[in-house]
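Me: I have a protein open on my screen and would like to talk through it. Can you help me read it?

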Amino acid sequence: MTGTLFDAVLFDRDGTLVVDVPYNGDPALVRPMPGAKPALDRLRSAGLRLGVVTNQSGLARGRFTGGQMDAVNRRVDELLGPFDTWQVCPHDDTAGCGCRKPAPGMVLAAAAALGVAPGRCAVVGDIGRDMDAALAAGATGILVPTEVTLPAEVAAAPHRAADLTAATDLILQRQELLKPASRPGRPGGVLAVRSDSAGDVLVTGPAIRALAAGAGRVVLLCGPRGRAAAELLPGVDEIIEWRLPWIDPEPGPVDAADMRALTERLGRAGVDEAVIFTSFHQSALPLALLLRLAGIARITAISDDYPGSLLDVRHRVPDGLPEAERARSVAAAAGFGLPDADDGRLRVTVPPRTTGDYLVVHPGASCEARACPPEGLRRIVAALADAGHRVVVTGGPGERHLAAFVAGDAAQDAGPMPFAELGALIAGARCLIVANTGPAHLAAAVGTPVISLYAPTVPYGRWGPYLVPAVRLGDAAAACHDTRATRCPVPGHPCLSGITPDDVLTAVRRLGVTAPQPNHDEVAA
């Protein structure tokens, strides 16, 4: 079990690897960015493959010849290489090609040339187009801003680094965090804890699979809001459902009898140790105390606060990790890693479903601040239908009127369905259009591309759809960013109300989703 995260790193050329000289056709003008060569050599020494993905519209515009472009690229190779693959888009914005960033074509082509999955690639660039191409390919984007990077691009970037040295540090640190620590032996049973919403449980799935790979049995303690998702996770042998008042968003008073009953139940779980998974704003210590009282011998969790004797393994992580990686790092600290054959993506067990020619729109969200205004979504659904797409609208409990309103006469209202059936429906869709809420993570778990209508109340790099092709829409620099607000603190909900039908149609095309062609027999009839 290696615990690796990345197999390859792909770089933009101009402004990232070398100083940007507009429409450069002269190899004598090639100058590496500060720290580029040592950074690249560190990545190579770590066993990572390296590639270049670069827009070169100067060829289409006649600013240099193909021979001059090749000469410049050879000079980059001489100074910074060798690179394992070069991917060049020679088109301009009018070509409508699938390779020019922000389209994902070059990232996908580079991954194919290297024989790796796009989700195992990091893409390093200096502008928003580089990040958009990475997201649309399902890769990890790391922005290294320069003086030409727009503030909106910085705000929207999933991950940022000050320079190439810092970007390399980030990549290698994220790799290192997932390498399993040594442990005292193979436990007969492990208690995994994630008492939160369905989305939280889903992003913990890879970490739970790591526990299952190294333990004889996994018992999952979850809350009622996460039970339906917990039932879909591979590697879980038993589920204990219990509401924890220090985690629940609408907690009642702490009931001493209930806590005694929970402690007794945990003592009967038949486990040797516990691994507590929390989000960055939660504490593992209240439950750790109950686990100690229940006789659990070994406990691992993240804790910035001094835990005393409550934890055997006190883990710390850097800020900004994706939640799935944050959870995997806790499992690794406890000595559990994923098998080499496991790619670390989210995963669920849902009934198989043939891919259909439909899109799914899910208008609801777990809190008001993350939901797109219904009127805007209704216009988006109508525009998708006008463009020839078949649209299915879904809604959770209590969202039936919302789903019916958004569907209108243009789309199919799927009606109420269990969480597993929702997963199967999303699995068959060409893409899901959704806010930052549980079904976005469900789509990532079944491999369906996501158009993320993302309110920036929490960072996208932590909570965006993980390692699945995606397009992020919404104002990342809105005043609500990083507030963790559950109700919109800004009149007019500007972070999401500005999303237009044209924005969504463009996003659909970026993901390679086209409207189904009409059946000519049906048209004739």
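## Talking through the model

Reply: Let's begin at one glycine. Setting aside residues within four places in sequence, Gly395 is in contact with His362, Arg400 and Ala403. Keep in mind that this is a predicted model.

Me: Where is Gly395 found?

Reply: Gly395 is in the loop between β13 (391-393) and α14 (400-407).

Me: Is Gly395 buried or exposed?

Reply: Gly395 is buried, because its relative accessible area is 12% and the cut-off for buried is under 20%.

Me: How far is Gly395 from Ala414?

Reply: Their C-alpha atoms are separated by 7.9 Å, and the two residues are 19 residues apart along the chain.

Me: Zooming out, how many helices and strands are there?

Reply: The protein has 20 helices and 17 strands.

Me: What would the radius of gyration be for a compact globule with 525 residues?

Reply: It would be near 24 Å, and the protein has 24 Å, so the two agree. Along the principal axes, the C-alpha atoms fill a box of roughly 80 × 65 × 45 Å.

Me: What share of the residues counts as buried?

Reply: Of the 525 residues, 55% count as buried. The accessible surface comes to about 21,100 Å², and 51% of that belongs to carbon and sulfur atoms.

Me: And the contacts between residues at least 6 apart in sequence, what percentage join residues at least 24 apart?

Reply: That percentage is 66%.

Me: Now the inside. Which residues touch the most other members of the largest nonpolar core?

Reply: They are Val9, Phe11, Val124, Ile171, Leu211 and Phe277, in a core of 84 residues. Helix α16 (residues 438-446) gives this core its largest share, 5 residues. Apart from this core lies another, of 33 residues, including Ala403, Ala478, Cys480 and Val513.

Me: What is Ile171 in contact with, leaving aside its neighbours within four places in sequence?

Reply: Ile171 is in contact with Phe6, Val9, Leu43, Leu48, Ala122, Val124 and Ile142. In soluble globular proteins, nonpolar side chains tend to be buried together.

Me: Change of topic: how many disulfides does the count come to?

Reply: The count comes to 0 disulfides.

Me: What about Cys431?

Reply: The closest cysteine sulfur to that of Cys431 is in Cys372, 15 Å away, so a bond is ruled out by distance. Cys431 counts as buried, at 0% relative accessibility.

Me: Next, Ser197. Where is its place?

Reply: Ser197 is in the loop between β6 (190-193) and α7 (198-203). A polar contact of 2.4 Å joins its side chain to that of Asp200. Not counting residues up to four places away in sequence, Ser197 touches Arg225 and Gly226.

Me: Does Ser197 count as buried or exposed?

Reply: Ser197 counts as buried, because its relative accessibility is 19% and the cut-off is under 20%.

Me: Last one, which helix holds Thr506?

Reply: Thr506 is in helix α19 (residues 501-510). Thr506 is partly exposed, with a relative accessible area of 37%. Thr506 and Val471 are 35 residues apart in sequence, and 9.7 Å apart in space from C-alpha to C-alpha.

Note on methods
Residues are numbered from 1 along each chain as its sequence is written. This is a predicted model: local features need pLDDT of at least 70, side-chain atom pairs count only at pLDDT 80 or more; totals for chains, interfaces and linings use all residues. Side-chain values use heavy atoms; hydrogens and water are left out. A disulfide is a pair of cysteine sulfur atoms within 2.5 Å. Buried means under 20% relative accessible area, exposed over 50%, partly exposed in between (1.4 Å probe, protein chains only). A nonpolar core is a set of buried Ala, Val, Leu, Ile, Met, Phe, Trp, Tyr and Cys residues joined through side-chain atoms within 4.5 Å. Helices (H or I, at least four residues) and strands (E, at least two) are DSSP runs, numbered from the N terminus. Contact means heavy atoms within 4.5 Å. The radius of gyration is taken over C-alpha atoms; the globule rule is 2.2 Å times the number of residues to the power 0.38. Accessible areas come from the Shrake-Rupley method with a 1.4 Å probe; for residues, only the protein chains shown count as cover. A polar contact is a pair of N or O atoms within 3.5 Å; within protein, one must be able to donate a hydrogen and the other to accept it, and residues adjacent in sequence count only if both atoms are side-chain atoms.
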